[in-house]
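Subject: Structure for you to look at

Dear colleague,

I am passing on the structure we spoke about, and below it you will find my notes on what turned up. Please read them with the model open beside you.

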Amino acid sequence: MEEAIQIEGLQKSYGNTAVLQNFELAVPRGNIFGLIGPNGAGKSTLIGILTGLLDYDEGEIIINGRELNEQNELMIKREVASVLQPPLLFEHFTSHDFLHYICDIYETDPETRQQKMDSLLEYLGLTEFEHAKINKLSAGSRKKLSFCAAILSDPKILFLDEPFESIDVISIGRMKTILNRLQQNGVTIIITSHILEIVENLCDDIAILHNQKIIAYLDSETRKELQKDASLSEIFENYVQVEQPKNDVLKWL
Ligand SMILES: Nc1ncnc2c1ncn2[C@@H]1O[C@H](COP(=O)(O)OP(=O)(O)OP(=O)(O)O)[C@@H](O)[C@H]1O
């Protein structure tokens, strides 16, 4: 089985508004996969569906060889972790208690969990906040804490929705190092981000979501060819073809 995720015929609407239509996507196992698209394209909706937080109307989703349905949902959730936007945290816990709670749920080895936790907190500059309540943390620290929790659950597939938003440049570098290590250990990583420079140098395959479907799938061969002459931002603009504003629309400014 080559694919970590396979989606066919997916439909998702909010009321009468379709967000994903006849949506298809296959994410290769072990890939660091970048999902990009304009604001409102449906990236978070897709991540919400794949992590079992959102319902969908129709379609077939296979995650790690199992169909996403009521029967398999728990087993799939054990193998999957996510950092959502905004991150899902227990506001009244301390960082320490929250991470221990996650380790309890995922049955992380009690012998090694404290050492793993301490090293992640230190590496990402969170040690001083270990005993602070989560609702007192800054936006970036909250996101990094959510990232630590996701990694401590030892996932086979990791979903990261806007993981680098609010994160300082040093921590971004360290998160990238962690993600590269996870990939070496066989983890499949799906990232949404508007920071295309990071997507460009971190991801293997990249897909552009627009008009309810994937309008371009750039595997490494395609990327090599296209990126001879253009940056990922330019390729993105070419595919998405945003209407140019009328002349002087800002003349009042
Ligand atoms: N709970 C909801 N109820 C109704 N419409 C929603 C809901 N959540 C999202 N939408 C709409 O669905 C569409 C896709 O939203 P989504 O947040 O998935 O896009 P996105 O690609 O993640 O956007 P962004 O890049 O701005 O984060 C948008 O038009 C949004 O307004």
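In which sense do strand β1 and strand β4 pair, and over how many bridges? In this predicted model, β1 (residues 3-14) and β4 (residues 58-63) run antiparallel to each other and are joined over 5 bridges, with E8 standing opposite E60 in β4. Both strands belong to an open sheet of 4 strands, ordered β2-β1-β4-β5 with antiparallel pairing. Because β2 (17-28) and β5 (66-67) stand at the edges and each has a single partner strand, one side of each is left without a neighbour in the sheet.

For I191, setting aside its neighbours within four places in sequence, the contacts are I32, F33, G34, L35, L160, P163, V199 and C203.

Helix α5 itself is mostly covered, since 11 of its 14 residues are buried, among them L145, F147 and C148, but also R142, K143 and K144. Its buried residues pack against β6 (80-83), α3 (95-105), α4 (110-123), β7 (157-161) and α6 (169-184). From its first C-alpha to its last, α5 reaches 20 Å, close to the 20 Å expected at 1.5 Å a residue, and just after the helix D154 takes a positive phi of about 55°.

Best regards

Conventions:
Residues numbered from 1 in each chain as written. Predicted model: local features only at pLDDT ≥ 70, side-chain atom pairs only at ≥ 80, totals over all residues. Contact = placed C-beta atoms within 7 Å. Pairing = 2+ DSSP bridges. Helix = DSSP H or I, 4+ residues; strand = E, 2+ residues; numbered from the N terminus. Expected span 1.5 Å × (residues − 1). Buried ≥ 20, exposed ≤ 12 C-beta atoms within 10 Å, placed from the backbone.
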